[in-house]
Amino acid sequence: MALDAKTSSSLAPPPPMALFIFLAVFAVQVLLRVCTHLLPKKRMAPQEAELVREIKELLREADALSTPSTFAKSAKLRRAAALKEKQLSELRQSVSHKPWSQLTLHTTLPTLLNGVVYLGLVGWYFHRPVASVPASLLQPFDQMLSLKRTDPTVVEVGITPWLIVSTQVSVYILEHIFKK
């Protein structure tokens, strides 16, 4: 019996593991946030930029013609702008039909890293408790968060709920850090 207790306690990670897992999740979320905010955004194609510029110019001219005597000219400019907007939407649709054209290294690599880290953590700690919390703190949710309840006063939190909580807390913290 003493041998079973010794092996079962060796499966449980030490208490700092929860902090390590949180810091790993936080680091991945920081990397995702940095890649989406600081790396260059998708640029418009030259044809698309030209059409946008022409549409703005036509609408600006149409807005300047607000008297009743220039109504026909204003309507003609608005129709021309609507035609250019239709051309612009067709151009954007033709570009968006190429699904791999918008994938770049700075968008796919952090997402793949996120998946690898999460799958690695879940695989490593799947049947092991990550943290032990008094049951009174998690009273309504203790059954949802616990692995196996050997002690009714302590809830041993599994990796899946810990990853969910860690991700949500990390995102919340980073939203306040990167607030514009």
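Student: In which helix is Y172 found?

Tutor: This is a predicted model. In it, Y172 belongs to helix α7, which covers residues 159–177.

Student: Is Y172 buried or exposed?

Tutor: A residue is called exposed when its relative accessible area is over 50%. Y172 has a relative accessible area of 51%, so it is exposed.

Student: Which residues make up the largest nonpolar core?

Tutor: A nonpolar core consists of buried residues joined through side-chain atoms. Here the largest one has ten residues: A18, I21, V25, Y118, L121, Y125, V130, A131, I159 and L163. The largest share, three residues, comes from α2.

Student: Which residues does L121 touch?

Tutor: Leaving aside residues up to four places away in sequence, L121 touches I21, I159 and L163.

Student: Which residues does the annotation "transmembrane region" cover?

Tutor: An annotation comes from a record and may be inferred rather than shown by experiment. The unreviewed UniProt entry places this one on residues 17–35, 103–126 and 154–174. In the model, residues 17–35 are 100% helix and 0% strand, with end C-alpha atoms 27 Å apart. Residues 154–174 are 76% helix and 19% strand, and their end C-alpha atoms lie 31 Å apart.

Terms used. Residues numbered from 1 in each chain as written. Predicted model: local features only at pLDDT ≥ 70, side-chain atom pairs only at ≥ 80, totals over all residues. Heavy atoms only, no water. Helix = DSSP H or I, 4+ residues; strand = E, 2+ residues; numbered from the N terminus. Buried < 20%, exposed > 50% of the residue type's maximum accessible area, 1.4 Å probe, protein only. Core = buried A, V, L, I, M, F, W, Y, C linked by side-chain atoms within 4.5 Å. Contact = heavy atoms within 4.5 Å.
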